Amino acid sequence: MVNKPAYRAGRDQAATAENVELLTGQRGDRLDKAVTFRELSALGLSTLRPGAGGVCVPGKNPDLFPSGQMEFPHAPVNVIANGAFHTVLVEWDPPRYRGHAHAEIWRAESDNQSDATLVGTSSANLFSDAIGKGAKFYYWVRFVNGKDDKGPFQGMQGVKAETSRDVQDILDELQGKIEESHLAQTLLGPIEQVPQLQLDIAILKPKVAAIEDKIPSIEQELAGLDERQKVAQELLDDAQQQLGMSSIEIGLVQDRLNAKLDKYKGDFDSFRDAAFVVDPENGSITMDAVNAVRDELHTSITEVQQDLDAVAGQISSKADNATVDGQGSRITEAEQRINGLDASLSQTVTRGEFTGEQQRVTQIGQELDATKGELTQKATKQEVDAQGVRLANAESKLTVHTDELSSQAQRLDGLSAQVTQGDETLQASITELARVSAESDQVTAQRVSGLEVRAGTSEAKIQALEEIIEDDGGITAGRLDVITAELELQRGQDDDNASAAIDGALAVDERDRETRKAFGTIRTEQRVILTEQQAQAQRTTDMEVKFEAKDAATQARISSVEKVTSDADSALAQQIQQVTANYQQGDKQLQGQITAESVARADAVQALGSQINTVSAVAGSKNKTFFQATAPGSAMGTGDLWFDTANNNRPYRYSGTAWVATDDPRIAANAAAVQLQSQAIADLQNGAQAMWTAKARAGQITAGIGLIAKSDGTSQVAISASQVFVFNPNSSTPMAPLFAIDNGQAVIAEAIIRKATIQILTSEKITADYIKAGVSMSAPAISGGSIDMSNAFLSGGAAGFGKGGPYASWGFGWYTMIYADGSIYTNRLRAEGGYVKNMTLGNCTIEQDCVVKGTIFADRIVGDVYVARDYSCVTHEKQVGPIDVCSIKVNQAVGFARTLTIPRLAGLVGCSVTASGGGSSPISNSNSTTMKITVLMDGSVVKTLTAVASAYATSNPSQGPVTSIDEVGAYIGDITIPANREPLITIRIQRIRGDGWVRSDPSQSGRVVLFKQGGSLS
């Protein structure tokens, strides 16, 4: 038994140096020297072939295997490749041919076999290739037998395998995609309580974005509504000023009545007079006629007067009547003034009735002024009695005007009614102004109307403004409608019937009836704008009500903006609706708000549809609360709160002069919002995409979910939340989560996964049909069950190797079986080392040299221990020589002398002779030739021998010439081959005497026998 090599343990420098010296044979026993591939190849025990990276791979020497035991390799079957994180495991079915040595594994980055390179060999049915993370390659496999014959690959197409990318790399990439994703950015963005009509979409065309820039926010639209309402009110105020005074100076009418009665006072029954006065100097004529009738109960004075003034170009006519009777006093007046110079006509009729309890005056007038282009008509009636003052007025005014650059026409109508009782005045009025104008570059049509009622501190208005303007820039047509009502009730007014009725409808309990204010308004504006480049239509609506009680105030508002725009390149439709409700009591305020935004847009290359719904609520804030993207500039007071929707709803307080950011957590903690957004985009260049998101916010805590799909084949579902739960509401434990994400970890109760890639797996228990390890698998103990390695099987302490053999187990036949009792059954045992003891060999063939150091006992040995090899002789024609007939190479040097026997001829020597008779008796001739045979071993003569050919010929007189030929050869016999030699044996012949020749040909080929000296041939 060979002693164990005395290698030194340890990794220090001294141990390493000593072990290297032992392996290289520089120290210690030479038996401990390492064997190199070069030495194995030199001994004929191995072959060397180039491998991957220029590394030499050892193989079996085909000369050590008899030719009958080698089959040509077939193509591998069922080649598969599976990637792990760092390695690829390539597998195939076991080979089904004799003499299999190993398999070659080739690899390429593309599915092109000509680009593949050899990456390794494997004697098993699998190969592990360490290619690193995130790599993809194609693999081909072919078998190689013991003679180094290479079979075909499994096919032209390679087997693809990929290793998994590093999980952190995947997470980093996903984070990058999340950062770039419009969906994720939408979810992470702040909830806009009052959204703008602009969407932050990077792929939108600049032209479309430019259109959006022109679309104001809802705050701007409502501010514009305020401006338009202000314009309408100014127009109405101006119109009412043009109508003039609506009341009548009753005292003046009564003074005229008294003056007329005083003029004709005295005692008379009747009085008539007429006067005609002509003044040549001023060209005037005056005519007066009077008729006065009086009795005890009745007095009537009628006067008619007419003036003609040629200088002033004026005619004045007047007729009046004053009557006094038991019913009171009355006066009627009719007056007309015609002016030829001014082209004017003025007509007025007045009737006044006076009693001790009541005064009533009615006046109707008309004025025509051709110079000013005006027609004015007016009717007024006023009554005064103990109940108060009542006034009714109707007036119409027509105006026309032209000049060298423009023309204008206007109609102004006014109706008013007023009742005054004590300190309270009730008023109602209708004012309407219609105006048209035409200028060199503009045409305008405008109409404004106003309905108004007032009752003490309460009032209601209806205003309408219609306007059409056409100029070089296009056409603008618009309409504004405003309905406003305001009611203020103070304690003590409940006795008023109207106020009591309203108060009873609005009051909830007696406490609310002390002081109340109510306000309501509906404003609507519609506008159409047409230009050479664009068409636009818009409608803005604002409805608002307020109610202020003694202890609390409430407010509700609905605002909406609808707008459509179209030009040569694009079309846009958008709608915003906002619903708001507020409750404030002292320092406590609660606000709820719902905002809905819809946008549709299309141009030559893109279409977009979007909808955003936002629900928000704020509680606990003081004063007013604003939700908008820009700082409020009006209607704010000290302590008001503003949430900046463009900056994640950051809160600001108004100091009285400026908005100051506040970090008070109690403010943000009481704000909550929910937003729902839908969006669809179709783009000829970038494809189509559809997105839906839902976001919720409470204070600074946000959550959201979103979906996005793109026509390029990608889609995303994103969830933004600190915790995610999935549960089954129909199970017996509905609150038990089936899937959850908490603290950055995913928790799954049960899962069915077809394929999973896990970088680090920590498990309490694994139950699997198959487990594959690309690099290694370790465990402190593996118990029970069986291990199936495709071409090997282990179970119950027994193992089978190599399917297809004669030993049956587990439903298969195996070439080698190891049973649980230690028995080994195999018909393919090959051992290159080790120790065998107490073994019986039956039907055994020793194909190579065997060293037996003990005694061999044999019943019978057939033949001897020998090696036979064929040799061939070379063709040489007849010649003198020398010529080399054949060469025999002795391989495999051994440690003892051997005998080489050449049992056949090696070359021929020959000669010929002719005898010709010329007489009456026979004639005989003879000839002989001697050949030398030389045996050379590696060029040195080791044996010589000769051969003689002799020819005899006899010719009878009657025969003529007779020729005789003789050729002979020599048997070489035995040649001693010294120990430890692998010589080359050469047979050389030549003619050394006589008249003849030497020659050789393949017919002299034969077989040589090499055996150990001391043996014999049978």
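Trainee: Why is Asn980 called exposed?

Mentor: Asn980 has a relative accessible area of 56%. Exposed means over 50%, buried means under 20%, and partly exposed is in between, with a 1.4 Å probe and protein chains only, so Asn980 counts as exposed. This is a predicted model, in which local features need pLDDT of at least 70 and side-chain atom pairs count only at pLDDT 80 or more, while totals for chains, interfaces and linings use all residues. Residues are numbered from 1 along each chain as its sequence is written, and side-chain values use heavy atoms, with hydrogens and water left out.

Trainee: And what makes Asp148 partly exposed?

Mentor: Asp148 has 30% relative accessibility, which falls between the two cut-offs.

Trainee: Which phi values do Asp148 and Asn980 have?

Mentor: Phi of Asp148 is near 65 degrees, and phi of Asn980 is near 60 degrees. Both are positive values in residues other than glycine. Most residues other than glycine have a negative phi, and most peptide bonds are trans. Asp148 lies in the loop between strands E8 (136–145) and E9 (159–162), and Asn980 in the loop between strands E52 (962–977) and E53 (984–994). Strands are DSSP runs of E with at least two residues, and helices are runs of H or I with at least four, numbered from the N terminus.

Trainee: How do you know that the bond between Gly881 and Pro882 is cis?

Mentor: Omega is about 5 degrees there. Pro882 is in the loop between strands E47 (876–879) and E48 (883–889).

Trainee: Which residues stand opposite each other?

Mentor: Thr625 faces Leu641 in E31, Leu641 faces Arg653 in E32, and Arg653 faces Val660 in E33.

Trainee: How do you know that both faces of E31 are covered?

Mentor: In E31 (residues 641–644), Leu641 and Phe643 on one side are buried, and so are Trp642 and Asp644 on the other.

Trainee: Which residues touch the most other members in the largest nonpolar core?

Mentor: A nonpolar core is a set of buried Ala, Val, Leu, Ile, Met, Phe, Trp, Tyr and Cys residues joined through side-chain atoms within 4.5 Å. Of the 33 residues in this one, Ile902, Ile933, Ile972, Ile975, Ile985 and Ile987 touch the most other members. E49 (898–915) gives the most, with seven residues.

Trainee: What is Ile985 in contact with?

Mentor: Contact means heavy atoms within 4.5 Å. Leaving aside neighbours within four places in sequence, the partners of Ile985 include Cys886, Leu900, Val935 and Ile975.

Trainee: Where is confidence lowest and where is it highest?

Mentor: pLDDT is the predictor's confidence in each residue, from 0 to 100. The chain averages 77. Helix H5 (residues 206–213) is lowest at a mean of 35, and E8 is highest at 94. Over residues 192–216 the pLDDT is below 50, although beyond near neighbours in sequence this stretch has 74 contacts in the model. Where pLDDT is low, the predicted coordinates should not be read in detail.

Technical notes: Two strands pair if DSSP finds at least two bridges between them.
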